[in-house]
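I kept each entry to one topic and wrote down what I looked up.

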Amino acid sequence: MTTYVSVHQAPALAPEEVGSYVPDIKQNTYAEFQQCFINLDQGYIVTVYEADDEEAVRKEFDRIGWPVDTVTEVHFSVDAAGLDAIPTA
């Protein structure tokens, strides 16, 4: 499976609205939820999913009822500890 990062705009999003989506998100029908970052004030959401392809991620958002602005394939990721493993010039 491939990792995808998605960006969503949801102005005036309330915590209760986020909570109402949890049962649908947990179903992982077309793509598998990994993580979510939300700024309620700005209505900005970034999600991380694993899926076979971008179309599967988009189908998952259609199923959940979340509009999505972009879905981008992640080629690699690194955490703070992993920065030391990256070769530098």
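Predicted model: local features only at pLDDT ≥ 70, side-chain atom pairs only at ≥ 80, totals over all residues.

I then asked how many aromatic pairs the structure holds. I found 4 aromatic pairs. One of them is formed by Phe33 and Tyr49, and I noted it as edge-to-face, with 5.6 Å centre to centre and 80° between the planes. This pair links distant parts of the chain, since Phe33 is in strand S2 and Tyr49 is in strand S3, 16 residues apart. Is Tyr49 buried or exposed? Tyr49 counts as buried because its relative accessibility is 0%, whereas Phe33, at 29% relative accessibility, counts as partly exposed. Phe61 and Trp66 form a stacked aromatic pair, 6.4 Å centre to centre with 5° between the planes. I also recorded that ring pairs link Tyr21, Phe33, Tyr49, Phe61 and Trp66 into a cluster.

Entry 2, the sheet. I traced an open sheet of 4 strands, in the order S2-S3-S1-S4 and with antiparallel pairing. The edge strands are S2 (32-39) and S4 (70-73), each of which pairs on one side only. On average, neighbouring strands of this sheet are turned by 20° against each other, direction ignored.

I went through two of the pairings by residue. S1 (residues 2-9) and S3 (residues 44-51) pair in the antiparallel sense over 8 bridges; along them, Gln9 stands opposite Tyr44 in S3, and Ser6 has Thr47 as its bridge partner in S3. S2 and S3 also pair in the antiparallel sense, over 7 bridges, and here Gln35 stands opposite Val48 in S3. The hairpin of S2 and S3 has 4 residues between the strands, and in this hairpin Gly43 takes a positive phi near 65°.

I wanted to know why S3 is described as largely enclosed by the rest of the structure. The reason I wrote down is that 6 of the 8 residues of S3 are buried. Thr47 has its place in strand S3, and at 0% relative accessibility Thr47 counts as buried. Which side chain does the side chain of Thr47 meet in a polar contact of 3.0 Å? I found that the partner is His8.

I checked helix H1 (residues 15-26) for its span: at 1.5 Å a residue, its 12 residues should span 16 Å, and the end C-alpha atoms are 17 Å apart, which agrees. H1 is followed by Asn28, whose phi is positive, near 45°. I then turned to helix H2 (residues 54-64), which lies across S1, S3 and S4 and runs at about 125° to S3.

Key. Residues numbered from 1 in each chain as written. Heavy atoms only, no water. Expected span 1.5 Å × (residues − 1). Pairing = 2+ DSSP bridges. Axes fitted to C-alpha atoms, helices over the stretch in contact; angles between N-to-C directions. Contact = heavy atoms within 4.5 Å. Phe/Tyr/Trp six-rings, centres within 6.5 Å; stacked < 30°, edge-to-face > 60°. Buried < 20%, exposed > 50% of the residue type's maximum accessible area, 1.4 Å probe, protein only. Polar contact = N/O pair within 3.5 Å; in protein donor to acceptor, adjacent residues only side chain to side chain.
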